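Trainee: I have a structure to go through with you. Shall we take it point by point?

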Amino acid sequence: GTGFTSDIIEGIYYAVNSEIKVDAINLSLGGGQNSTAMQNAIRYATDRDVVVVMAAGNNGGSLPISPAINAINNGLAVGAVNQDGNLTSFSNQAGTLLDYVTAPGDSITSAITGNRYATYSGTSMAAPFVSGVASLLSGYDSGLTAEQIENLLTSTAGNSISSNTSQNTNNYDGLTNTRSLITLETINNF
């Protein structure tokens, strides 16, 4: 699809200022030039303890595209892994030190209009997994800040920059690395 950056920015402010408590904003989108206005909107959300989760992009590049490049300062960029847990060839990598994790993003079945389903691949399919986990963490402990949730996710993901176990290729161990999984039983260990 297409759209305007100004509409995305307006949507971020709308969600954060809503009377309904928003825990996470999923930005399964990307492209265009990064702007100060977008940076400010993401910072505004983060400062109000709303985690902004952004798809890293599907160019196979060494850096996320906008808006995910803002995870250098605020928010969380998400790359895509395949069924074997390996970074997909299309997923943009983390590049510099920023908050970045990966999630399943290859051949993901999704609901589409007309009460049907289709299979898609991309970092936009991976980001909602992370947004969901961020929301669950916030629901578990409403005292967690956006930064704390981002730190929990990046420090416990087996394939993030912060985990010291990854360069985001060929080492996804989320199914076997139970010491670092966040569960109701282990959350107090983090």
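Trainee: Is Tyr13 buried, partly exposed or exposed?

Mentor: Keep in mind that this is a predicted model. Buried means under 20% relative accessible area, and exposed means over 50%. Tyr13 has 29% relative accessibility, so the class of Tyr13 is partly exposed.

Trainee: Which ring pairs with Tyr13, and is the pair stacked, edge-to-face or tilted?

Mentor: The structure holds 1 aromatic pair. Planes under 30 degrees apart count as stacked, over 60 as edge-to-face, and the rest as tilted. The ring centres of Tyr13 and Tyr44 are 4.8 Å apart and their planes stand at 55°, so the partner is Tyr44 and the pair is tilted.

Trainee: How many residues apart in sequence are the parts that this pair ties together?

Mentor: Tyr13 belongs to helix H1, residues 5–17. Tyr44 belongs to helix H2, residues 36–47. The pair therefore ties together parts whose separation in sequence is 31 residues.

Trainee: What pattern does the chain follow along the sequence?

Mentor: Start with the elements: the chain has 4 helices and 6 strands. Of its 190 residues, 44% are buried. Read along the sequence, the pattern is α-β-α-β-β-β-β-β-α-α.

Trainee: Which strands stand at the edges of the open sheet?

Mentor: The open sheet has 4 strands in the order S1-S2-S3-S4, with parallel pairing. The twist averages 30° from one strand to the next. An edge strand has a single partner, so one side is left without a neighbour in the sheet; that describes S1 (24–27) and S4 (100–104).

Trainee: What is the bridge partner of Met54 in S3?

Mentor: Look at the pairing of S2, residues 51–55, with S3, residues 76–81. The two strands run parallel and are joined by 3 bridges. In S3, the bridge partner of Met54 is Ala77.

Trainee: What distance separates the C-alpha atoms of Met125 and Ala103?

Mentor: Met125 sits in helix H3, residues 123–140. Its relative accessibility is 18%, so Met125 counts as buried. Met125 and Ala103 are 22 residues apart along the chain, and their C-alpha atoms are separated by 8.6 Å.

Trainee: Where is the proline of the cis peptide bond between Ser66 and Pro67 found?

Mentor: The cis peptide bond joins Ser66 and Pro67. Its omega is about 5°. Pro67 is found in the loop between S2 and S3.

Trainee: Is Ser107 buried, partly exposed or exposed?

Mentor: Phi of Ser107 is near 60°, a positive value in a residue other than glycine. Ser107 is placed in the loop between S4 and strand S5, residues 108–112. Its relative accessible area is 40%, so Ser107 is partly exposed.

Trainee: And Asn115: buried, partly exposed or exposed?

Mentor: Phi of Asn115 is also positive, near 55°, and this residue is not glycine either. Asn115 is placed in the loop between S5 and strand S6, residues 116–120. With the cut-off for exposed at over 50%, the relative accessible area of 75% makes Asn115 exposed.

Trainee: How many charged residues are in the lining of the second largest pocket?

Mentor: That pocket has a volume of about 290 Å³. Of the 14 residues that line the pocket, the closest to its centre are Gly1, Gly3, Ile8, Leu29 and Gly30. By class, the lining has 5 nonpolar and 9 polar residues, and the number of charged residues is none.

How values were computed: Residues numbered from 1 in each chain as written. Predicted model: local features only at pLDDT ≥ 70, side-chain atom pairs only at ≥ 80, totals over all residues. Heavy atoms only, no water. 1 Å grid on protein atoms, 1.4 Å probe; cavity = no way out; pocket = protein on both sides within 12 Å on 5 of 7 lines; lining within 4 Å. Points joined across faces, edges and corners; volume = space filled by probe spheres on them. Nonpolar A, V, L, I, M, F, W, Y, C, P; charged D, E, K, R; others polar. Phe/Tyr/Trp six-rings, centres within 6.5 Å; stacked < 30°, edge-to-face > 60°. Buried < 20%, exposed > 50% of the residue type's maximum accessible area, 1.4 Å probe, protein only. Pairing = 2+ DSSP bridges. Axes fitted to C-alpha atoms, helices over the stretch in contact; angles between N-to-C directions.
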